[in-house]
Amino acid sequence: MCAFDGHRIWVEASGNMKGRYGVEIPAGFEVDDFQPGTEVALDPNSFKVTDILDRGKDAEFDSTETDVTFQDVGGLNDVISSLKSNVGAQLDDSKREKIEDWGMDMDKSILLIGKPGTGKTHMVKALSNEYDAEIFMINGPQLVEKFIGEGAKKVKRLYEQARDSEKPAIVFIDEVDAVAKKRLDERRHGGEEVERTMSQLLSELDGLDNENDSNVISILATNKPDVMDPALLNRCNAIEVPVPSNEAKEEIFQVHTRSLDLEDGVDLGILAAEMEDDYTGRDIKQVVRQAAVNSLERTDDASEAEVQTEDFMTAIQELREGNLGMEKDFLSEEQTPREMFA
Ligand code: ADP
């Protein structure tokens, strides 16, 4: 809500910052830009309006286009087989008809459990692409922190859009634990809206279970199943996405070096073994990218550049020293935007 009193615009915030605030017209905007009903983003620290939200546009989720295939996912064959048999058939129109005819009771909700960077999102993108399904993505912290007071509505809209989709659809909610803490007081700590968001999610999952003809699948992801409410856990078929073994790491190296010119003798098995411990697919991707950059820096004529073992070793060392984490930092910042609806 916005109203202008001749000096300030008055915005009404919901959620944790519930209240009415008089704020200045931000640079770059005119009084007329603010009408009763205009939705704005408010910085919770400075209480300044940072943007005007286009209500119609913001209410919609774009389905994510992707060209990732199963070939681009390394070391997760068991998980992929499990996903294919659990949800693949339901995303395939002719198989789904047969499933309905036979009255088969299939899992419509999957919970992927695994450390960040193990390829959960990557694999779900591949799944949607391979089965020509639409994918609608959001993450839990966004529902709690960005859409304050709006989380439940967002969840509802997400599933509405998925149901309206002409193609089979996957709703993917990453870091779902943010809205599904098992302790009620922790949930309430985040405000009643977290509670409402969670209830909405549960009722959407139940809805899918009760709709025989639904071509919508939910895939939720978390790294913290232990803090999650059993109400949500019970509604999902859990699949673990492990930290890659050495063999799996080698496969991931193969995926990410496929289009590079590697010097003869580069042994991806040795590189995989160098990256012992809990390093993930995301770390490997970063190492490969850095190794490629190292080789370009080393070579005078870029057209002649080939990536050597040494380029990889230097990159792995940089990763160990914590100098390759830019993507991760950037992502976590992106995922907790300091804006809200007012
Ligand atoms: P998560 O969703 O588990 O946090 P992501 O799917 O976002 O992890 O992984 C980040 C990036 O790391 C992906 O875009 C992909 O390029 C790379 N990656 C992670 N795991 C794998 C894997 N198993 N195979 C190939 N690439 C991977």
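Reader: Which side chain meets arginine 298 in a salt bridge?

Author: First, the general idea: a salt bridge is a side-chain nitrogen of Lys or Arg within 4 Å of a carboxyl oxygen of Asp or Glu. Here, the partner of arginine 298 is aspartate 311, at 2.8 Å from N to O. Aspartate 311 lies in helix H13 (residues 309-320) and arginine 298 in helix H12 (residues 281-298), so the pair ties together parts 13 residues apart in sequence. Helices here are DSSP runs (H or I, at least four residues), numbered from the N terminus. Please keep in mind that this is a predicted model, where local features need pLDDT of at least 70, side-chain atom pairs count only at pLDDT 80 or more, and totals for chains, interfaces and linings use all residues. Residues are numbered from 1 along each chain as its sequence is written, and side-chain values use heavy atoms, with hydrogens and water left out.

Reader: Is aspartate 311 buried or exposed?

Author: Buried means under 20% relative accessible area, exposed over 50%, and partly exposed in between (1.4 Å probe, protein chains only). Aspartate 311 counts as buried at 3%, while arginine 298 is partly exposed at 38%.

Reader: Which residue forms a salt bridge with arginine 163?

Author: That is glutamate 204, with the closest N and O atoms 3.3 Å apart. This pair links distant parts of the chain, 41 residues apart: arginine 163 is in helix H6 and glutamate 204 in helix H8 (residues 192-210).

Reader: Where do lysine 156 and glutamate 160 lie?

Author: Both are in helix H6 (residues 151-164), four residues apart, about one turn of the helix.

Note on methods: Helices (H or I, at least four residues) and strands (E, at least two) are DSSP runs, numbered from the N terminus.
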